[in-house]
Amino acid sequence: MSIPQPPDDAATRGAQPPPDRPPEGAAEQPPPPFQPAPPFFPHVVGGYPPAAPPAGLKRGFGQGMGVALGIGAVLCALSLISAIAMVALVGVARIGRANTSAETSVTKILWGSSSAKNTLRAISVSGTIQASGGSSSGMFSSATYGYDVAKLIDSLTADSAAGLVLLMDTPGGSINGSRAIADAVDRYEQRTGKKSFAFVEGMSASGGMYAMAGVNRIYADQGTMVGSIGVIMGPFARYRDVTAVDGGLLGNGVTASGGIDQFYLTQGEAKDFGNAFRDMTQKERDVYTAGLSREYDAFVNWVSTSRGIAPETIRNDLGAYMFDAQTAKDKHLVDDVLGREEAFRQIARDAGVDPDQTKLVTDAEPGFLSSLMGSRKQAFGHGEALQAGEGVKASSSLCTGAPAVLAWTGDMNAMCGR
């Protein structure tokens with residue numbers, strides 16, 4: 001077989017310079033070894049493939065392609081991350097909306113099997129009970145917002161659950177926030193015909209007692225504290241001989257060593273009531289004690305009617321004392337002392353459903369993405385604790401501003417981070 005040769009172009013051949021000849025006298029070089037001509041490629045212009053680029057160009061081209069591929073991979077990864085982030089943001093927005101609406105509150109199973117056909121709806125009442133969130137939500141302890149919890153209870157229907165359970169762990173709080181929960185429980189029973197219950201997990205004091213007194217049955221875990229039926233207003237202070245005032249959050253407060261007083265120009269008698277730099281007058285004491293008495297009467301009558309305890313017993317025997325769970329049962333503040341498992345099973349029976357076919361659901365805290373993106377940090381109706389630090393001040397109405405009438409037990413300073 002003959003090897004194809006390129007076409008013979010005479011004009012081109014004539015334009016090429018003659019081959020170099022060795023100088024005269026030089027030894028004649030042997031001819032190079034025979035090498036066959038490369039195959040002819042008809043699909044390549046001219047019939048032959050292009051010559052290979054120099055090695056340096058090859059290396060540069062390879063490095064450039066590597067850089068380009070690397071940049072492309074990074075861009076692809078960033079695009080993928082952006083797409084995932086957009087999906088996550090949509091999910092977070094939905095989660096955030098769900099946690100800010102009582103009607104679409106996100107729940108989780110607290111007890112029982114997910115396949116159980118019956119449902120009990122549990123709502124946590126933990127930390128300080130306040131009226132509502134918003135501008136007064138910043139606190140150094142966790143909080144329950146009474147009006148928000150009431151809104152959540154009001155959203156429940158007869159088909160929502162077989163009954164309502166308040167999970168109590170609170171030292172109390174504001175009168176209006178506590179009463180808002182109590183009234184919502186009463187409305188729930190009248191609206192749905194279902195029963196309501198309470199389970200004391202840590203303590204239920206003062207405003208907590210106010211909130212749960214109207215349920216059908218109250219169960220307390222071992223080691224819990226119940227009681228403190230009373231109201232309090234304050235705190236007030238009278239500094240004598242003041243020389244310096246340190247208003248910082250972590251400061252020492254007032255230094256008293258002589259001769260300084262403080263006055264206000266006011267319109268209206270006792271407008272500067274609560275001024276720490278003067279004594280409380282007897283008239284002021286009488287007026288505000290009368291207000292406390294009215295609130296206390298309402299509190300006593302509510303517990304008396306709800307729990308079947310004579311008002312005189314509450315005033316003269318129970319007072320504002322805190323009682324252990326067994327003593328609270330003996331004094332009819334709770335119905336029984338049961339552990340968590342036993343209490344939930346008994347509540348299911350009280351609600352008229354089979355404990356083995358019942359689950360207890362409660363509000364779920366937002367997931368990791370929702371908390372990370374800041375759409376919502378707590379379950380609906382609850383506020384997280386504020387961490388004390390430099391430049392951080394409690395903004396709760398229970399910690400700042402004028403003294404308020406409270407159903408509270410314990411040290412207010414601990415709640416407010418002082």
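## Helix α4 and the glycine after it

Gly193, which comes just after helix α4, takes a positive phi of about 75°. Helices here are DSSP runs of H or I with at least four residues, strands are E runs of at least two, and both are numbered from the N terminus. This is a predicted model, in which local features need pLDDT of at least 70 and side-chain atom pairs count only at pLDDT 80 or more, while totals for chains, interfaces and linings use all residues. Residues are numbered from 1 along each chain as its sequence is written, and side-chain values use heavy atoms, with hydrogens and water left out.

Helix α4 covers residues 175–192, and its 18 residues should span 26 Å at 1.5 Å a residue; the end C-alpha atoms are 26 Å apart, which agrees. The expected span is 1.5 Å times one less than the number of residues. Buried residues of α4 include Ile175, Ala180, Ile181, Val185 and Tyr188, where buried means under 20% relative accessible area, exposed over 50%, and partly exposed in between (1.4 Å probe, protein chains only).

Asp183 and Arg179 meet through their side chains in a salt bridge of 2.9 Å, N to O. A salt bridge is a side-chain nitrogen of Lys or Arg within 4 Å of a carboxyl oxygen of Asp or Glu. Because the two residues are four apart in α4, about one helical turn separates them. Asp183 is partly exposed at 26%, and Arg179 is partly exposed at 28%.

## Helix α6

The 26 residues of helix α6 (residues 282–307) should span 38 Å at 1.5 Å a residue, and the end C-alpha atoms are 36 Å apart, which agrees. Among the buried residues of α6 are Leu292, Tyr296, Phe299, Trp302 and Arg307. The elements covering the buried residues of α6 include α4, α5 (207–212), β6 (217–220) and β15 (404–408). Gly308 follows α6 and has a positive phi near 70°.

## Thr170 in strand β4

Thr170 lies in strand β4 (residues 163–174) and counts as buried at 0% relative accessibility. The side chain of Thr170 reaches the backbone nitrogen of Gly172 at 2.9 Å. Apart from neighbours within four places in sequence, Thr170 is in contact with residues including Val125, Ile129, Met203 and Ala205; contact means heavy atoms within 4.5 Å.

## Salt bridges between separate elements

The count comes to eleven salt bridges. One of them joins the side chains of Glu201 and Arg340 at 3.7 Å, N to O. Glu201 lies in strand β5 (residues 195–205) and Arg340 in helix α9 (residues 340–350), so the pair ties together parts 139 residues apart in sequence.

Asp335 forms a salt bridge with Arg217, with the closest N and O atoms 3.7 Å apart. This pair links distant parts of the chain, with Asp335 in the loop between α8 and β12 and Arg217 in strand β6, 118 residues apart.

## Loop residues with positive phi

Ser228 is not a glycine, although its phi is positive, about 60°. Ser228 lies in the loop between β7 (225–227) and β8 (232–234) and is buried, with a relative accessible area of 4%. His332, also a residue other than glycine, has a positive phi near 70° and lies in the loop between α8 (325–330) and β12 (336–337).

## Overall composition

The secondary structure comes to eleven helices and 15 strands. Of the 418 residues, 35% count as buried.

Conventions
Polar contact = N/O pair within 3.5 Å; in protein donor to acceptor, adjacent residues only side chain to side chain.
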